[in-house]
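Reader: Before I rely on any label attached to this model, I would like to see each one set against its cut-off. Could we go through them in turn?

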Amino acid sequence: MNNIAEQLNAAYHNITENCQKLGREPADVCLVAVSKTKPIAALMAAYEAGQRQFGENYPQELQAKATTLFALPELEWHFIGPLQSNKTRLIAEHASWVHSIDRLKIAERLSAQRPADLPPLQVLLQINISHEDSKAGIHPDQLPGLADAVAKLPQLQLRGLMAIPAPNDSKRAFEAMAQLSKSLQQQHPGATELSMGMSDDWPLALHYGATMIRLGTAIFGARTYERNE
Ligand SMILES: *Cc1c(COP(=O)(O)O)cnc(C)c1O
């Protein structure tokens with residue numbers, strides 16, 4: 001597991017270098033370590049190396065890991081996967097952030113199910129920026145309406161946008177996301193976060209203003225299996 005600490009340190013080092021080139025503050029960029037499918041020992045190795053933000057895609061896996069690791073101070077869970085109505089409670093109870101809101105009904109359920117003793121859930125709206133039938137996310141035209149409705153929900157805090165561009169569309173997509181983020185902030189000044197960039201395209205995402213990058217493979221190595229729900 002030493003590898004994980006090394007890869008994490010290398011990633012933070014690279015982020016700092018890229019930020020310096022771009023004239024950005026490294027502290028303004030949050031690295032979310034995407035730990036889906038990885039065992040608890042891998043997460044512990046990252047935690048011990050200083051990592052506090054972890055990303056998960058599957059509600060039951062999030063719940064199992066959050067329950068196992070609940071005593072670790074400062075650990076924050078980011079839910080970044082597809083959302084289904086019958087699984088929202090697991091997310092409302094365990095996540096600090098949700099990156100993948102794309103329907104009002106799901107947002108309403110998360111707000112209603114968020115335990116009152118926890119701070120509001122920090123949420124991002126997912127944009128289907130490459131217009132792929134297979135991907136979650138709203139069309140950019142739907143953004144103003146969904147943003148206004150989500151911002152009114154009591155137990156949610158609208159913090160920004162997320163996207164997963166199609167392969168080969170990263171540059172155009174990141175540029176388009178930067179524009180959308182700018183226009184969103186005119187109505188919702190607190191929605192400053194831009195979650196985009198994964199292991200193979202994050203430097204370009206940083207260039208276009210990403211504030212949260214989601215790295216799985218670069219930290220934990222290749223995943224041996226993928227699940228779909
Ligand atoms: C799996 C996943 C990632 C991490 O992907 P890598 O290419 O392994 O860095 C990032 N974001 C989302 C939404 C994912 O599902």
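Author: What follows takes the labels one by one, with the value and the rule behind each.

Author: This is a predicted model, in which local features need pLDDT of at least 70 and side-chain atom pairs count only at pLDDT 80 or more, while totals for chains, interfaces and linings use all residues. Residues are numbered from 1 along each chain as its sequence is written, and side-chain values use heavy atoms, with hydrogens and water left out.

Reader: What makes Ser-195 count as buried?

Author: Buried means under 20% relative accessible area, exposed means over 50%, and partly exposed is in between, with a 1.4 Å probe and protein chains only. Ser-195 has 0% relative accessibility, so Ser-195 counts as buried. Ser-195 is found in strand β7, residues 193-195, where strands (E, at least two residues) and helices (H or I, at least four) are DSSP runs numbered from the N terminus.

Reader: Which side chains make a polar contact with the side chain of Ser-195?

Author: A polar contact is a pair of N or O atoms within 3.5 Å; within protein, one must be able to donate a hydrogen and the other to accept it, and residues adjacent in sequence count only if both atoms are side-chain atoms. The side chain of Ser-195 makes one with the side chain of His-99 at 2.9 Å, and another, also given as 2.9 Å, with the side chain of Arg-214.

Reader: Which residues surround the ligand, and what is the distance to Arg-214?

Author: A residue is near a molecule if one of its heavy atoms lies within 4 Å of it. The residues around the ligand include Val-34, Lys-36, Asn-57, Arg-214, Thr-217 and Arg-223. A polar side-chain atom of Arg-214 lies 2.8 Å from a nitrogen atom of the ligand. For Thr-217, a polar side-chain atom lies 2.5 Å from an oxygen atom of the ligand, and an N or O atom in the side chain of Arg-223 is 2.9 Å from a ligand oxygen.

Reader: How do you know that the buried residues of α7 line one face of the helix?

Author: In α7, the buried residues are Ser-170, Ala-173, Phe-174, Met-177, Leu-180, Ser-181 and Leu-184. Seen down the axis of α7, these buried residues fall within an arc of 120 degrees, so they line one face; the arc is that of the directions from the helix axis to the C-beta atoms. The face turned away from the buried side of α7 carries the exposed residues Gln-179, Lys-182 and Gln-186. The buried residues of α7 pack against β5, α6, β6, β7 and α8.

Reader: What is the span of α7 set against?

Author: The expected span of a helix is 1.5 Å times one less than its number of residues. Helix α7, residues 170-187, has 18 residues and reaches 26 Å from its first C-alpha to its last, close to the 26 Å expected.

Reader: Why is the pair Lys-171 and Glu-175 called a salt bridge?

Author: A salt bridge is a side-chain nitrogen of Lys or Arg within 4 Å of a carboxyl oxygen of Asp or Glu. The closest N and O atoms of Lys-171 and Glu-175 are 3.9 Å apart, so the pair meets the rule. Being four residues apart in helix α7, Lys-171 and Glu-175 are separated by about one helical turn. Lys-171 is partly exposed at 47% relative accessible area, and Glu-175 is partly exposed at 39%.

Reader: How many salt bridges does the rule give?

Author: The count comes to eight. Among them, Arg-103 and Asp-102 have their closest N and O atoms 3.9 Å apart, while Lys-135 and Glu-132 meet at 2.7 Å, N to O.

Reader: Is Glu-74 buried or exposed, and what is the case for Thr-37?

Author: Glu-74 has a relative accessible area of 60%, so Glu-74 is exposed, whereas Thr-37, at 11%, is buried. Phi of Thr-37 is near 70 degrees, a positive value in a residue other than glycine, and phi of Glu-74 is likewise near 70 degrees. Thr-37 is placed in the loop between β1 and α2, and Glu-74 in the loop between α3 and β3.

Technical notes. Contact means heavy atoms within 4.5 Å.
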